[in-house]
Amino acid sequence: MTDDFRLLMLGAMYENGGNTTHRFLDGHPELFVYPFESQIGTRFVSDALTSLFPVKYRWPVFPLDASPMDDYRLIIDEECKVRARTPHVSKFRDMAFDFNDDARSDRYIECVKASGRSAANNVAAFFRSTFDSWKDYNRSGREKVYVGYSPIITVDSEAILAAMPTAHMMHVVRNPFSAYADTKKRPVPMRLSDYMRAWCLNQYHALLARHRHPDRVHIVRLEDTLSDPRKALAPVLSALGIEDHVALSAPSWNGLALREVYPWGTIRRATPEANRATAAELSVQEHAAVAQAAWQYLDVFDYGDFAGMRAV
């Protein structure tokens, strides 16, 4: 039932540039790029990874006896629903967004009644109803692929690809030194050991999924996107039959250029220089601990130059 629905789903560990890459894709005339993090998970997600990652970021699970309205309410989608229903408390309150969540709910129910209920059909209806209800969305009329981003959803690549035969995954990886330095800026940051466990687990799932599905799983280094976004992103889009476009050159929201990516994530200046300066914020001891935890992936992703920055 979802064969005509085309999805490119981005995943990344926290502070790895998922939001930044999502913003670089925004504005492309052939892409429906979700306006915020597409937090499609539900409270019914329960597996071995539930204790590690928030369920809002996971591939959704729906109860068998629910109605389409029940399903819609279960999809957490925190950033969009907060902006739509209580804009005064949203970190995106200064961005123009003519969108009614109740209207989306009505459209979602129409879509699911036509397709039938399943995790894949519900997700397809979620994306379709969002853009059908977004009144001031800057349309080109050429859009053909929906683009979502949810942190750490790479761990659910197998479920997504099995449920959606035409879906592709893009995993974004950033050197762990800059990534951990940025996560330390959170009000309640993760401990270094906890952060690195989760960072390594994301890379494991990304590499495994690409090994199993080389035509549908793509890994992009944030460093490459910051250096030359069109060169880094065009091959992924080409695999989807999407042409290169100048819009890939700079981050944007609804086609409007962003001076800084924040509050879409913690990265403010999307430049190689800022990324390297962030890595240098770590102490020698922190740098050594990150390098030790990520040792098996530093060569895989060619991060030897970052590993050598603060060598004792």
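1. Salt bridges come first. A salt bridge here is a side-chain nitrogen of Lys or Arg within 4 Å of a carboxyl oxygen of Asp or Glu. By this rule the count comes to 26. The model is predicted: local features need pLDDT of at least 70, side-chain atom pairs count only at pLDDT 80 or more, and totals for chains, interfaces and linings use all residues. Residues are numbered from 1 along each chain as its sequence is written, and side-chain values use heavy atoms, with hydrogens and water left out.

2. Look at Glu78 and Lys56. Their side chains meet in a salt bridge, 2.7 Å from N to O. The pair links distant parts of the chain, 22 residues apart: Glu78 is in helix α3 (residues 78-85), and Lys56 is in the loop between β2 (31-33) and α2 (68-74). Helices (H or I, at least four residues) and strands (E, at least two) are DSSP runs, numbered from the N terminus. Glu78 is partly exposed at 37% relative accessibility, while Lys56 is buried at 19%. The cut-offs: buried means under 20% relative accessible area, exposed over 50%, partly exposed in between (1.4 Å probe, protein chains only).

3. Next, Arg58 and Asp156. They form a salt bridge whose closest N and O atoms are 2.7 Å apart. Here 98 residues separate the partners: Arg58 is in the loop between β2 and α2, and Asp156 is in the loop between β3 (145-149) and α6 (157-163). Arg58 is buried, with a relative accessible area of 1%. Asp156 is buried too, at 9%.

4. Now take Lys185 and Glu281. Their salt bridge has an N to O distance of 3.3 Å. Lys185 is in the loop between α7 (176-183) and α8 (192-212), and Glu281 is in the loop between α11 (272-279) and α12 (284-293), 96 residues apart. Lys185 is partly exposed at 48%. Glu281 is partly exposed at 45%.

5. Salt bridges can also join up. A network of them links Asp77, Arg85, Asp101, Asp102 and Arg104.

6. Is strand β4 (residues 168-173) enclosed or open? Six of its six residues are buried, so β4 is largely enclosed by the rest of the structure. In a regular strand the side chains alternate between the two faces of the sheet. From β4, His168, Met170 and Val172 point one way, and Met169, His171 and Val173 point the other way.

7. Which strands pair with β4? Strand β1 (residues 7-12) pairs with β4 in the parallel sense over five bridges. Two strands pair if DSSP finds at least two bridges between them. Leu10 stands opposite Met170 in β4. Strand β5 (residues 217-221) also pairs with β4 in the parallel sense, over five bridges. There, Ile219 is the bridge partner of His171.

8. Val246 lies in the loop between α10 (229-239) and β6 (252-253). Its relative accessible area is 53%, so Val246 is exposed. Val246 and Pro229 are 17 residues apart in sequence and 9.8 Å apart in space, C-alpha to C-alpha.

9. Finally, the whole chain. It has 14 helices and seven strands. Buried residues make up 56% of the 312 residues. Along its principal axes the C-alpha trace spans about 60 × 40 × 40 Å. Contact means heavy atoms within 4.5 Å. Of the contacts with a separation of 6 or more, 75% are between residues 24 or more positions apart.
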